[in-house]
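Please look over the sequence and the structure below.

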Amino acid sequence: MVVTMARLMLAETFETIVQSAVALPDLFDALSESAEAMGFRYFALTHHVDFATAPDLGIRLHNYPGHWEEWFDERALGRFDPIHRASHVANIGFSWSNVPQMIQLTHGDQEVLRQARRFGIGDGFTVPAHVPGEYNGSCSFAVADDGPLPHEHMLVAQLVGGLAFEAARRIAQPRRAPQPTMPMTDRQRDCVLWAARGKTDWEISRILGVSHETVIQHLKHARERYGVQKRAHLAVMALFDGTICFSDIFIH
């Protein structure tokens, strides 16, 4: 019990520090100290974007080896890294050793993991960060080389990772995806949802009991709302800002 309370106090101390942080370097220092206290060598708080081509799209704080960042960015792994992709199917933190059970790894994915070890990055623990209307992100902690993962600190890492990402968002206020100025009507949402399920305009009109022309107009106005031309882009934007979700599409 005493040990557990001490670990939770670490998270509480981190929260107190990040609440007063006014710049990303403050958060970097707090993460460095907390990672070390938990038994980790490295940390990485990042949005899952290609920082090599669009460095201003999100936040990235890490203390990984510089050569690893170069290798990582040269291959645009901000969007395709297997750890990042695994975090998209999780709501709580996970050990990297569990990733093969979470997503199907390609040969390229396995090479990424091998390369990380060559750069001195061992096993790790990642806390997903999903905010509707923003790019997905995560906060990861890793040990060096073949060092043991400090499983006794997983709960604290979960708390620290979540607090750190929220602090980073507050401080940096990264650019979000384009936000529509007008809310979507219930009927527009219905039409977008059925379009995302692959139904034609005529089929949607039969399902909703409205005219074919009405469906066309609803989808037209929905596309204008996001400034897109294609139905596929409309569905993606609606998914991205939380107007519809994947369960809406596949469970009906």
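What follows covers salt bridges, helix packing, cysteines and backbone angles.

This is a predicted model, in which local features need pLDDT of at least 70 and side-chain atom pairs count only at pLDDT 80 or more, while totals for chains, interfaces and linings use all residues. Residues are numbered from 1 along each chain as its sequence is written, and side-chain values use heavy atoms, with hydrogens and water left out. Helices (H or I, at least four residues) and strands (E, at least two) are DSSP runs numbered from the N terminus. Buried stands for under 20% relative accessible area, exposed for over 50%, and partly exposed for values in between (1.4 Å probe, protein chains only).

**Salt bridges**

- Side chains of opposite charge can pair when their charged atoms come close.
- The whole structure contains eleven salt bridges, each defined as a side-chain nitrogen of Lys or Arg within 4 Å of a carboxyl oxygen of Asp or Glu.
- One of them joins Asp 73 to Arg 60, with 2.9 Å between the closest N and O atoms. Because Asp 73 sits in helix H3 (residues 66-74) and Arg 60 in strand E2 (residues 60-62), the pair ties together parts 13 residues apart in sequence.
- Asp 73 is buried at 15% relative accessible area, whereas Arg 60 is partly exposed at 24%. Both belong to a salt-bridge network that also includes Glu 69.
- Arg 231 pairs with Asp 201, the closest N and O atoms being 2.4 Å apart. This pair links distant parts of the chain, with Arg 231 in helix H12 (residues 231-240) and Asp 201 in helix H10 (residues 201-208), 30 residues apart. Arg 231 is partly exposed, with a relative accessibility of 31%.
- Arg 169 and Glu 166 form a salt bridge with an N to O distance of 2.9 Å. They are three residues apart in helix H8 (residues 154-172), so about one helical turn separates them. Arg 169 is buried at 16%, and Glu 166 is partly exposed at 43%.

**Packing of H2 and H8**

- Two packed helices are described by the angle between their axes and the distance between the axes.
- Helix H2 (residues 24-38) packs with H8 at an angle of about 175°, the axes lying 10 Å apart. H2 is therefore roughly antiparallel to H8, a label for angles over 145 degrees.
- Axes are lines fitted to C-alpha atoms, for helices over the stretch in contact, and angles run from 0 to 180 degrees between N-to-C directions.
- The contact (heavy atoms within 4.5 Å) includes Leu 24, Leu 27 and Leu 31 of H2 and Val 156, Val 160 and Ile 171 of H8.
- By class, the contact of H2 with H8 has twelve nonpolar residues, one polar and no charged.

**Cysteines and helix H9**

- There are zero disulfides in the structure, a disulfide being a pair of cysteine sulfur atoms within 2.5 Å.
- Cys 139 is buried at 1% relative accessibility, and Cys 191 is buried at 0%.
- In helix H9 (residues 186-196), the buried residues include Cys 191, Leu 193 and Trp 194.

**Positive phi angles**

- Most residues other than glycine have a negative phi.
- Ala 76, not a glycine, has a positive phi of about 50°. Ala 76 lies in the loop between H3 and helix H4 (77-80) and is buried at 16%.
- Asp 145 also has a positive phi, near 50°. Asp 145 is in the loop between strand E5 (137-144) and H8 and is partly exposed at 44%.
- Gly 198, which follows H9, has a positive phi near 95°.

Key: Parallel < 35°, antiparallel > 145°, perpendicular 65-115°, else oblique. Nonpolar A, V, L, I, M, F, W, Y, C, P; charged D, E, K, R; others polar.
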